[in-house]
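Subject: Structure handover

Hello,

Here is the structure we talked about, with sequence and coordinates together. My notes on what turned up follow below it.

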Amino acid sequence: MAQIEELIFLGSGTSEGVPRVSCLTESPVTCKTCQDAVLADSKNRRRNCSLLLRAFNRQLPGSETHNIVIDVGKFFYESALVWFPKYHLRNIDAVLLTHDHADHVNGLDDLRDFTLHMRDNCCPLPVYCDDQTFRRVKASFPYLVDPSKGTGSGVTAKLVFCHIDPDKEFQIHGITFTPLPVWHGPQNSALGFRFGPVSYIPDVSAIPDSTLEKMKGSQYLIIDSLFPGKEVKHISHFCESQALDFAKQIQPKFLYLTDFTHLWFHDVDEERLRQEYQESFDIYMAYDGLRVQLETSI
């Protein structure tokens with residue numbers, strides 16, 4: 001049985017990312033987050049939410065490591081250019097999609113490099129998604145679903161789409177994934193995923209009780225927190241207070257907030273959260289490139 005050893009945040013930002021062009025072209029520039037985001041190694045540089053899971057089978061010495069990516073949005077290839085060489089990553093063994101918005105699926109075309117030019121990469125590369133997401137992908141990228149609709153050059157990504165039933169668990173390379181259906185606005189649904197001790201929901205505005213039950217016992221909670229401020233709310237996302245209130249229900253050991261706009265300034269707000277919320281769990285703000293080694297004893 002494979003075990004997840006590590007998580008790598010390939011992206012921690014909302015759809016437009018950080019920095020924003022509108023902020024950097026102001027005269028004078030007043031947005032401190034966007035100013036900082038252009039600096040080398042800034043924790044405020046935020047690409048679309050994406051998470052990489054690294055797993056291997058401890059019972060089989062010498063077994064290969066499996067890399068599974070959740071969501072490949074508009075900034076995915078930029079993320080891969082930065083973090084794959086830095087962390088000596090190469091292959092992708094599977095992709096999971098949480099929902100059909102551009103900041104989660106528009107990087108699918110960029111998977112061609114992984115399936116065409118890397119002999120050690122899984123090919124065709126399995127992409128797991130629900131029916132709603134598949135319909136949107138088929139409409140937006142028909143040549144990825146049916147290669148006969150391409151140019152005939154044979155340079156499109158080699159993908160195979162696998163159906164997710166939101167009510168059923170499934171396995172990838174020995175790892176069990178439990179879909180976590182949530183609301184992402186009053187008329188849009190999305191998925192999160194529970195895998196091992198981790199529950200991951202990057203976009204959410206409401207969580208049904210049935211999903212809450214599936215998340216109980218999670219030691220790592222990674223969840224949407226679009227805007228800072230205890231009184232701030234958004235129609236299609238959790239913000240600070242909703243994320244913290246939900247974490248109190250789950251009582252994880254570690255809470256990681258993600259999906260940030262430029263209104264969050266990483267170091268300042270992470271320290272503020274820890275001072276204002278004296279909780280039993282540790283509070284972290286995720287950032288692009290963050291590596292989390294999972295505790296095997298919990």
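Two rings of Phe, Tyr or Trp (its six-membered ring) are taken as a pair if their centres lie within 6.5 Å; planes under 30 degrees apart are stacked, over 60 edge-to-face, and the rest tilted. By this rule the count comes to 15 aromatic pairs.

Some ground rules before the details. This is a predicted model, in which local features need pLDDT of at least 70 and side-chain atom pairs count only at pLDDT 80 or more, while totals for chains, interfaces and linings use all residues. Residues are numbered from 1 along each chain as its sequence is written, and side-chain values use heavy atoms, with hydrogens and water left out. Helices (H or I, at least four residues) and strands (E, at least two) are DSSP runs, numbered from the N terminus.

Aromatic rings

Take Phe-76 and Phe-114, one of the pairs. Their rings are tilted, 6.1 Å centre to centre, with 45° between the planes. This pair links distant parts of the chain: Phe-76 is in helix α3 (residues 76-86), Phe-114 is in helix α5 (residues 112-116), and 38 residues separate them. For exposure, buried means under 20% relative accessible area, exposed means over 50%, and partly exposed is in between (1.4 Å probe, protein chains only). Phe-76 is buried at 2%. Phe-114 is buried too, at 3%.

Phe-170 and Phe-177 are stacked, because their centres are 5.6 Å apart and their planes meet at 15°. Both Phe-170 and Phe-177 are buried. They belong to a cluster that ring pairs build from Tyr-128, Phe-170, Phe-177, Phe-193 and Phe-195.

Two arginines sit over rings. The test is NZ of Lys or CZ of Arg within 6 Å of the ring centre and within 35 degrees of the ring normal. Arg-45 lies over the face of Phe-75, 5.8 Å from the ring centre.

Strands pair if DSSP finds at least two bridges between them. An open sheet has 7 strands in the order β6-β5-β4-β3-β2-β1-β14, with mixed pairing. The edges are β6 (159-163) and β14 (291-293); each has a single partner strand, so one side of each is left without a neighbour in the sheet. From one strand to the next the twist averages 20°.

β1 and β2 run antiparallel, joined by 7 bridges. There, Glu-6 has Arg-54 of β2 as its bridge partner. β2 and β3 are also antiparallel, over 5 bridges. Arg-54 stands opposite Asn-67 in β3. β2 is largely enclosed by the rest of the structure, because 6 of its 7 residues are buried.

Strands β4 (residues 94-96) and β5 (residues 125-129) run parallel and are joined by 2 bridges. In that pairing, Val-95 has Val-127 of β5 as its bridge partner.

Helix α3 comes back here. It lies across β1 (3-11), β2 (50-56) and β3 (66-70), at about 120° to β1. Contact here means heavy atoms within 4.5 Å. Axes are lines fitted to C-alpha atoms, for helices over the stretch in contact, and angles run from 0 to 180 degrees between N-to-C directions.

Salt bridges

The criterion is a side-chain nitrogen of Lys or Arg within 4 Å of a carboxyl oxygen of Asp or Glu. The count comes to 16 salt bridges.

Glu-16 and Arg-20 form one of them, with the closest N and O atoms 3.2 Å apart. Glu-16 is partly exposed at 40%, and Arg-20 is partly exposed at 26%.

Arg-47 meets Glu-78 at 3.2 Å, N to O. This pair links distant parts of the chain, 31 residues apart: Arg-47 is in the loop between α2 (32-37) and β2, and Glu-78 is in helix α3. Arg-47 is buried at 7%, whereas Glu-78 is partly exposed at 29%.

Glu-279 and Lys-248 form another salt bridge, at 3.6 Å between the closest N and O atoms. Glu-279 is in the loop between α10 (266-276) and β13 (282-285), and Lys-248 is in helix α9 (residues 240-250). Glu-279 is partly exposed at 28%, as is Lys-248 at 36%. Separately, salt bridges that share partners join Lys-230, Glu-240, Asp-269, Arg-272 and Glu-276 into one network.

Best wishes
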